[in-house]
Amino acid sequence: MTTAPQNTTLGQLRASGHVHRVVKAEIRQNLIARLAAGLPSLPGIVGFDDTVVPEVERALLAGHDLVLLGERGQGKTRLIRTLTGLLDEWTPVIVGSELNEHPYAPITPASRRLLEALGDELPVTWKHRSERYGEKLATPDTSVGDLIGDVDPIKVAEGRSLGDPETVHYGLVPRTNRGIFAVNELPDLAERIQVAMLNVLEERDIQVRGYQLRLPLDLLLVASANPEDYTNRGRIITPLKDRFGAEVRTHYPIDLDDELRLIAQEAAVLWEDADQGGADGTAHGAPLVPSHLLEVVARFARNVRDAPQVDQRSGVSARFAIAAVETVAASAVRRAAINGEPVAVARISDLPAIVPAARGKVEFEDTDEGREFEVLEHLLRRAIAETGRARLAGLDLRPLQQKFDSGLLVESGDTVSADKLLEQLGTIPGLAALLERLEPDSVHEGPATVGIAAAAVEFALEGLYLNKRLAKESAGNRTVYGA
């Protein structure tokens with residue numbers, strides 16, 4: 001964030017050469033500048049580069065209010081919040097203005113009187129773009145007063161008449177004047193509230209308690225909705241639907257690589273400020289989730305999304321995979337704390353914790369109720385097998401398998417330390433090739449070395465089991481591999 005400009009009066013603002021632009025023109029010009037410079041228009045948005053982002057860019061360049069249509073967890077709200085980055089970093093407002101009025105164009109009677117009285121001495125302050133965003137999750141109990149405003153009985157009691165615009169306590173929409181306002185799940189608004197929003201979109205004014213205030217609001221209105229509800233047969237009034245200039249369909253990540261990028265980007269937020277260790281040298285901070293486990297989680301989410309047992313109308317949110325990675329990481333931290341390991345590194349034995357944690361995020365078809373655990377466990381095993389085939393194809397694991405021919409048993413589990421796991425195997429043939437195949441981008445030196453090696457070996461053992469080349473017995477949190 002840069003420092004706000006130092007102009008504090010209208011006269012200083014005029015002398016600086018400042019130009020007043022409406023919000024949509026501001027966004028349009030900043031977007032054009034980004035595109036011309038080769039910069040991403042919506043940084044941090046993953047998987048929409050060739051589909052959603054171009055449609056949003058066209059809508060903004062056309063100056064349209066827009067609605068994003070998609071199932072839950074497709075990044076609609078994240079995308080909307082990213083739009084604030086296209087506003088000017090700082091914009092001038094009249095000091096004390098409830099509606100963020102520009103000093104060049106006041107819209108309320110009070111601000112107009114102040115301008116007339118003070119002229120070029122009108123006090124000016126600066127508002128950062130992060131403060132020019134308003135958002136409301138639509139619920140059936142949302143009122144016109146919440147969004148638009150209502151008569152303030154205290155102001156009426158002070159002697160003002162009901163028809164006086166200054167008796168109004170403004171709602172969220174006018175208070176976001178000269179900014180971006182978002183309505184999440186728009187069809188959940190009652191019809192009379194949708195009518196109030198229609199007036200904002202069509203006339204750019206507001207109506208309160210039967211009388212009209214001519215307030216030329218300057219804002220970009222963005223909404224999100226589920227496609228099933230956003231139809232003439234759903235819960236949206238047709239005139240409001242017609243007023244949005246653009247409808248943009250969102251989607252879940254199409255490619256596995258996009259799913260992986262999204263998971264890695266979002267799951268990292270949980271741990272980015274974590275303490276990196278305690279005075280006793282044990283791990284209390286950011287865990288490491290190896291890339292092959294991230295791939296398992298990504299494939300698991302995609303398998304759940306495509307499963308016929310899952311209600312496809314509700315979708316499977318991207319938060320499903322993000323929460324799964326966070327659960328796996330938390331399991332690794334728990335093991336590291338119990339065993340005093342210097343770095344928490346997730347392993348295949350941490351994956352079963354996903355199933356009970358994720359069950360509530362998935363809605364199943366009526367015929368499969370009661371089988372949630374069975375279905376999710378099957379889909380997780382399939383994701384592990386798919387990742388094993390993709391990562392270990394062509395790699396000779398026979399030397400590792402042969403170590404079990406003499407009756408060797410290896411115990412693992414979510415509380416077994418990396419040292420103990422590797423100690424049971426002794427010298428591991430082909431470990432370097434295994435690490436290169438599973439974690440080619442990891443640095444295999446330093447405090448995490450043992451944990452990464454244990455994660456790779458345990459994944460290889462699970463791969464041998466899934467290919468019926470090893471046996472496995474599981475009881476509770478204890479797993480034993482053998483011939």
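This briefing describes salt bridges in the structure above. The structure is a predicted model, in which local features need pLDDT of at least 70 and side-chain atom pairs count only at pLDDT 80 or more, while totals for chains, interfaces and linings use all residues. Residues are numbered from 1 along each chain as its sequence is written, and side-chain values use heavy atoms, with hydrogens and water left out. Side chains of opposite charge can pair when their charged atoms come close. Where a salt bridge is a side-chain nitrogen of Lys or Arg within 4 Å of a carboxyl oxygen of Asp or Glu, the count comes to 19 salt bridges.

- Asp258 and Arg261 form a salt bridge, with 3.1 Å from N to O, and both residues lie in helix H11 (residues 256-267), 3 residues apart, which is about one turn of the helix.
- Helices (H or I, at least four residues) and strands (E, at least two) are DSSP runs, numbered from the N terminus.
- Asp258 is buried, at a relative accessible area of 15%, whereas Arg261 is partly exposed, at 44%; buried means under 20% relative accessible area, exposed over 50%, and partly exposed in between (1.4 Å probe, protein chains only).

**A pair between strands**

- Arg478 and Glu411 form a salt bridge whose closest N and O atoms are 3.3 Å apart, and this pair links distant parts of the chain, since Arg478 is in strand S14 (residues 478-482) and Glu411 is in strand S12 (residues 410-413), 67 residues apart.
- Arg478 is partly exposed, with a relative accessible area of 42%, and Glu411 is also partly exposed, with 25%.
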